[in-house]
Amino acid sequence: MKRRAFIAGGLAAVVFVWPQSARAQAVPKAPLKVVASFSILADFVRNVGGDRVEVISLVGPDSDTHVYTPSPADGRRVAAAKLVVVNGLGLEGWLPRLVRASGGKANLVVATKGIVPLKSEAEGHDHGHGHDHDHGEGDDPHAWQSVANAKIYVANIRDALIAADAEGAEVYRRNADAYLAQLDALDREVREAVASIPPERRRVISSHEAFGYFAAAYGIAFMAPQGVSTDSEPSARDVAAIITQIRKDKIPAVFLENISDPRLVRRIAAETGVKIGGSLFSDSLSAKNGPVPTYIDLVRHNIKALTSTLTG
Ligand SMILES: [Zn+2]
């Protein structure tokens with residue numbers, strides 16, 4: 001609602017200045033309409049596209065992309081967009097149907113193109129649920145949790161924006177270069193932070209398997225009662241296995257996630273006496289005025305939560 005009001009206000013302002021003089025030349029052309037499936041992708045698009053793009057995220061802040069149900073308004077947004085940026089790797093099982101319903105003409109950009117997917121561990125995968133999914137068998141979609149992968153997302157988005165709006169090529173390249181340099185610095189920050197944690201304490205529990213790429217890139221082991229998607233509840237056996245593992249490996253902390261129901265992790269903490277190390281942002285940013293409005297904020301928040309719990 002707020003966003004609509006803002007857009008309408010912006011249009012009114014343009015209409016107001018237009019008749020003043022022959023400055024049609026100076027009036028920027030309408031921004032490129034981009035739809036991103038979820039908030040982290042929208043942030044990447046904003047960083048590369050700047051003022052030349054108007055980006056909307058279908059899945060809102062602090063929300064779960066795995067189990068999203070698109071609205072009729074989402075169909076209209078996709079139909080109106082020049083580009084639709086998606087994660088792929090089975091994250092957005094609801095997307096093909098939405099694209100079909102919107103007329104099927106959207107120009108889809110798969111931001112993970114070129115990333116070698118991790119496979120989910122077989123153990124956490126068998127939840128005994130009978131329904132079928134659209135996602136690739138066992139691919140872990142959370143590739144953004146490694147900053148090196150985020151750089152591939154950004155390069156793919158840059159190339160797609162250039163293909164859709166060649167006039168902006170130089171702006172997109174310049175913005176992407178500046179942002180990629182920030183991501184390089186961020187990657188170093190994560191490595192330094194992890195190096196400050198004693199090796200034997202680099203083991204934690206989270207709600208679902210969202211940190212496999214983080215674990216592979218930075219060397220903190222994550223275990224979770226729920227698999228790489230949140231579309232099924234963990235079984236009693238999954239939960240029992242995690243509790244056994246926590247006791248056996250003396251895992252120092254469990255973490256909640258911003259998109260997940262906290263009750264299960266709280267129960268595991270209560271049953272094992274392990275401390276809760278706060279919340280990690282796994283699959284979504286916060287609202288603009290929240291603690292994690294951007295991807296860079298997300299990574300910083302998570303390494304701060306991890307180091308303050310695991311070094312203390
Ligand atoms: Zn997830």
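**Exercise 1. The crossing of α2 and α6**

Task: In this predicted model, what is the handedness of the crossing of α2 and α6? Describe how the two helices pack.

Solution: 
- Step 1. Find the helices. α2 covers residues 39-49, and α6 covers residues 147-164.
- Step 2. Two packed helices are described by the angle between their axes and the distance between the axes.
- Step 3. Read them off. The angle is about 55°, and the axes lie 10 Å apart.
- Step 4. Classify the angle. Roughly parallel needs an angle under 35 degrees, and roughly perpendicular runs from 65 to 115. Therefore α2 is oblique to α6.
- Step 5. State the hand. α2 and α6 make a right-handed crossing.

**Exercise 2. The contact between the helices**

Task: Which residues of α2 and α6 meet? Sort the contact by class.

Solution: 
- Step 1. List the α2 side: L41, F44, V45, V48 and G49.
- Step 2. List the α6 side: A150, Y153, V154, I157, R158 and L161.
- Step 3. Count by class. The contact of α2 with α6 holds 9 nonpolar residues, 1 polar and 1 charged.

**Exercise 3. A salt bridge between strands**

Task: Which residue forms a salt bridge with K33? Are K33 and E54 buried or partly exposed?

Solution: 
- Step 1. Name the partner. K33 pairs with E54, with the closest N and O atoms 3.7 Å apart.
- Step 2. K33 is in strand β1 (residues 32-36) and E54 in strand β2 (residues 53-57). They are 21 residues apart, and the pair links distant parts of the chain.
- Step 3. Check K33. Its relative accessibility is 39%, so K33 counts as partly exposed.
- Step 4. Check E54. Its value is 18%, so E54 counts as buried.

**Exercise 4. A salt bridge inside a helix**

Task: Where do R191 and D187 lie? Describe their salt bridge.

Solution: 
- Step 1. Locate them. Both R191 and D187 belong to helix α7 (residues 169-195).
- Step 2. Note the spacing. They are 4 residues apart, about one turn of the helix.
- Step 3. Give the distance. From N to O, the side chains of R191 and D187 are 2.9 Å apart.
- Step 4. R191 is partly exposed at 42%, whereas D187 is buried at 15%.

**Exercise 5. The other salt bridges**

Solution: 
- Step 1. Find the network. Salt bridges link K29 with R52 and D165.
- Step 2. D249 and K248 form a salt bridge at 3.8 Å. K248 is exposed, at 60% relative accessibility.

Notes: Residues are numbered from 1 along each chain as its sequence is written. This is a predicted model: local features need pLDDT of at least 70, side-chain atom pairs count only at pLDDT 80 or more; totals for chains, interfaces and linings use all residues. Side-chain values use heavy atoms; hydrogens and water are left out. A salt bridge is a side-chain nitrogen of Lys or Arg within 4 Å of a carboxyl oxygen of Asp or Glu. Buried means under 20% relative accessible area, exposed over 50%, partly exposed in between (1.4 Å probe, protein chains only). Axes are lines fitted to C-alpha atoms, for helices over the stretch in contact, and angles run from 0 to 180 degrees between N-to-C directions. Angles under 35 degrees count as roughly parallel, over 145 as roughly antiparallel, 65 to 115 as roughly perpendicular and the rest as oblique. A crossing is left-handed if the near helix is turned anticlockwise from the far one by less than a right angle, and right-handed if clockwise. Contact means heavy atoms within 4.5 Å. Ala, Val, Leu, Ile, Met, Phe, Trp, Tyr, Cys and Pro count as nonpolar, Asp, Glu, Lys and Arg as charged, and the others, Gly among them, as polar.
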